[in-house]
Amino acid sequence: MALVWKVLLEILQRPTVGDVVVELVLFLGPVWIAVLVGLVVGWTWKPRWANLGREKSDLKVSRSSEMVEREVVASGSESEGLVLPSLGFNFMPRLDSIKAQLPQNFIAWVSEDRVKKEAFEIETAPANSDCSAPRVENEQLAVTTEDLEHLCQLVEVTDGGPTWLQVMDRSMHTMCYQAWRRDPEIGPPQYRSRTVFEDVTPELVRDFFWDDEFRIQSKWDDMLIHSETLEECPTTGTMVVHWIRKFPFFCSNREYTIGRRIWESGRTYYCVTKGVPCSSVPRRNKPRRVDLYYSSWCIRAVESSNGQLTSCEVLLFHHEDMGIPWEIAKLGVRQGMWGAVKKIEPGLRAYQAARRSGAPLSRCAFMAQINTKVNPDYLRSLETTNGSSEIETLNSKEKPLGKNIPKFLIIGGAVALACSLDRGLLTKAVIFGIARRFAKVGRRL
């Protein structure tokens with residue numbers, strides 16, 4: 001470390017600013033190139049032994065989960081449902097030779113993160129996955145009334161979860177969009193959004209989001225490249241579908257087995273979609289299976305600017321574990337959120353025009369019209385089941401203190417370093433410039 005500081009000090013002592021910049025580029029350039037090449041290679045190529053650490057960790061998480069899994073396999077039931085969700089860092093090999101070369105603080109950080117994720121896996125593992133156990137007829141479906149109750153509590157902000165922090169507020173001519181995020185103690189980041197579409201009915205929006213064929217055909221959701229219906233219930237409208245979604249070049253594609261169902265209360269529609277186990281779709285290395293997936297809507301009519309119920313509000317609640325570190329996933333979602341959302345508006349208008357022209361309904365859109373009726377009084381009784389949550393807006397005067405701490409630390413460290421080095425104004429200017437850039441990056445994150 002002392003040698004690095006010595007080299008940096010020698011570089012900063014160059015007579016001109018141009019010489020300093022050239023020397024810094026020559027000194028740091030190869031390092032950044034190596035880092036970028038390593039990232040690309042690490043995401044695009046992964047040897048089989050990279051999963052050994054995750055497999056060993058899963059075997060040690062809980063002896064009881066392993067016993068239940070063996071019983072289900074012996075009975076010929078859906079053993080895929082017992083595979084615990086893949087929760088980040090599974091691409092890192094747990095080899096002692098590599099671990100010994102890492103800094104102790106990095107090892108402690110990774111270990112703490114893995115403990116939290118393993119605890120989350122234990123909580124999300126199904127308590128009774130034995131398909132031979134007696135169940136009520138409704139509970140044999142992929143999506144049950146418990147999922148409806150959970151969605152209602154999310155809509156009414158009575159689920160007792162952390163505070164929702166607003167991250168976006170955008171609008172277009174016939175659409176306005178707001179988004180919030182919260183970080184639970186265990187599990188991936190959760191997102192809540194509110195979208196209002198002008199001059200459209202809740203029934204059309206319901207069919208639009210359910211219509212996988214139109215998603216792929218119109219490419220308004222350009223990440224979806226494959227959709228197949230695996231199961232369907234003509235009585236309740238419950239479906240199990242298989243999705244394959246396209247990810248950026250440095251990630252492999254992801255596949256989902258999703259159960260979904262719609263409840264109707266007046267002209268309000270509660271649409272639940274979540275990841276479910278399915279033995280008819282074998283697990284493969286590529287595309288990678290996403291076990292933890294939840295994306296549900298509440299669609300209802302709201303007043304437009306003229307006071308009539310001609311607008312439609314969509315409350316979306318979404319979270320999933322894509323198998324990448326959650327902090328990186330948060331950054332990616334934040335950067336690409338509006339670009340993906342603004343494609344919904346033209347897609348919806350194209351769907352609206354197609355329906356007006358008499359285009360035939362797809363099978364998915366037909367199933368979206370088979371809903372389970374629910375009493376509004378029953379929904380109101382769910383509002384006080386758990387504690388209430390809070391929603392903050394972007395114009396809130398109080399900001400989380402945690403986001404200011406990194407900036408203070410960086411600036412304070414820069415002051416201490418600049419005062420301890422008597423190398424002239426140029427050295428101090430370079431140090432403060434670098435610290436300011438890092439502080440801006442920390443504030444944006």
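At 31% relative accessibility, Cys176 counts as partly exposed, a class lying between buried (under 20% relative accessible area) and exposed (over 50%), with a 1.4 Å probe and protein chains only. The model is predicted, so local features need pLDDT of at least 70 and side-chain atom pairs count only at pLDDT 80 or more, while totals for chains, interfaces and linings use all residues. Residues are numbered from 1 along each chain as its sequence is written, and side-chain values use heavy atoms, leaving out hydrogens and water.

**Cysteines**
- Cys312 is buried, with a relative accessibility of 0%.
- The closest cysteine sulfur to that of Cys312 belongs to Cys298 and lies 9.3 Å away, too far for a bond.
- A disulfide is a pair of cysteine sulfur atoms within 2.5 Å, and by this rule the count is 0.

**Helices H8 and H11**
- The axes of H8 (residues 202-210) and H11 come within 10 Å and cross at roughly 110°; axes are lines fitted to C-alpha atoms, for helices over the stretch in contact, and angles run from 0 to 180 degrees between N-to-C directions.
- H8 is therefore roughly perpendicular to H11, a term covering angles of 65 to 115 degrees.
- Contact (heavy atoms within 4.5 Å) involves residues including Leu204 and Phe208 of H8 and Leu348 and Tyr351 of H11.

**Ser362**
- Ser362 sits in the loop between helix H11 (344-356) and helix H12 (363-368); helices are DSSP runs (H or I) of at least four residues, numbered from the N terminus.
- Ser362 counts as buried because its relative accessibility is 9%.
- Not counting residues up to four places away in sequence, Ser362 touches Asp211 and Glu213.

Notes:
Helix = DSSP H or I, 4+ residues; strand = E, 2+ residues; numbered from the N terminus. Parallel < 35°, antiparallel > 145°, perpendicular 65-115°, else oblique.
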